[in-house]
Amino acid sequence: MQNSQFLAVFYMIMSMVAYQISASFAKQLFEVLDPLTVVTLRLCFASILVFVMFRSWKIIKRLPYLKWKDLLFYSGSVCLMNVLFYASLGKLPQGIAVGLEFLGPLTLALLSIQRKVDYIWVCLAIVGIALMVPWQDANQHNFSYLGAACAIGAGIFWASYIYFGQRVVRQNIGMHALTIAIALSALVMLPISAVHNPTALMQTQYWGHALMIALLATAIPYALDLMALKTLSKLSYGTLSSLSPALAAIAGMVLLKEHISLWQSLALVCIMVASIGVTFKPKSQAIEH
């Protein structure tokens, strides 16, 4: 594997670890704040974080000359992916929400297949996802069809985020694209949340928690994703993303004391093998867009 490929895979793994830890923290915060307020606070704090981290005031002069069509689609994908996922996380167990959300990038991976051997890795990922999701909960009171619809919708916009993320990185504006996307998302969500639950936004005792979630769920993973997308193909990104449910299960076990079943352990193996398999490919196919 080329060094650039190795670094891209490392960036993705670190991105998913940070995001799944943040999801566990967010689920705990739902006990005192509604999901819409949590995602709004997260985006607001994240927009400030990335603006300072990447010194995005440098891009202000270039704003009129950017390709705004791709940037707006990218920003919209970021916003809707977050809103719908948090809505599903508030109504579903974390394993089901993450598993259903993953249908988006997995579908993108299927549509991007160019080598016959890649079908093996994607099929292994599908098996892993099927085993990871606790389908038996569908007949229990803690399953919500609205939550499932939100999770699938989040997956659709996750696939859109991948696609437009690859187009945005070609504008050579670096991490400033992330600042623009998060800032626009925050500007859209802030008035909506202010109307929905204005008092919740002003409960400053929870701002520290929201700031930590913003760091782990937005600033760090999205920056790492953009760096990974410079090298990884849609197939590699989509299949490697199958690690997300596995990491969600591990985060749940460590932070929320959730139990991992035998079938979920088998799912971890399938997902790990699929992720490793799609990563190792001939150098001539290491970079494809």
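The following paragraphs describe the fold, the surface and selected residues of a predicted model.

In this predicted model, the secondary structure of the chain comprises 13 helices and zero strands, and the order of elements along the sequence is accordingly α-α-α-α-α-α-α-α-α-α-α-α-α. Of the 289 residues in the chain, 55% are buried. The accessible area of the chain is about 13200 Å², of which carbon and sulfur atoms supply 70%.

On the surface, a nonpolar patch is formed by Phe6, Leu7, Phe10, Met14 and Val17, which together have about 440 Å² of accessible area. Met14, one of the residues of this patch, is found in helix α1, which spans residues 3-29. With a relative accessible area of 35%, Met14 falls in the partly exposed class, because that class lies between the cut-offs of 20% and 50%. Phe10, also a member of the patch, is likewise partly exposed, at 42% relative accessibility.

Ten aromatic pairs are present in the structure. In the pair of Phe10 and Tyr11, the ring centres are 6.5 Å apart and the planes stand at 55°, so the arrangement is classed as tilted; the angle lies between the 30 degrees under which planes count as stacked and the 60 over which they count as edge-to-face. Tyr11 has a relative accessible area of 22% and is therefore partly exposed, given that burial requires a value under 20%. Elsewhere among the aromatic residues, one cluster is formed by Tyr19, Phe30, Phe85 and Tyr86.

Two buried residues were examined individually, one in a loop and one in a helix. Ser56 is located in the loop that connects α2 (35-53) with α3 (68-89), and its relative accessibility of 2% places this serine in the buried class. When residues up to four places away in sequence are left out of account, Ser56 touches Val50, Phe51, His176 and Thr179. Ala148, by contrast, is placed in helix α7, which covers residues 145-169. Because the relative accessible area of Ala148 is 10%, this residue also counts as buried, the cut-off for burial being 20%. The C-alpha atoms of Ala148 and Gly99 are 9.9 Å apart in space, although 49 residues separate the two in sequence.

How values were computed
Residues numbered from 1 in each chain as written. Predicted model: local features only at pLDDT ≥ 70, side-chain atom pairs only at ≥ 80, totals over all residues. Heavy atoms only, no water. Helix = DSSP H or I, 4+ residues; strand = E, 2+ residues; numbered from the N terminus. Buried < 20%, exposed > 50% of the residue type's maximum accessible area, 1.4 Å probe, protein only. Patch = residues over 30% accessible without salt bridge, like charges linked within 9 Å, V, L, I, M, F, W, Y side chains within 5 Å. Areas by Shrake-Rupley, 256 points an atom, 1.4 Å probe, with all protein chains shown as cover. Salt bridge = Lys/Arg side-chain N within 4 Å of Asp/Glu carboxyl O. Contact = heavy atoms within 4.5 Å. Phe/Tyr/Trp six-rings, centres within 6.5 Å; stacked < 30°, edge-to-face > 60°.
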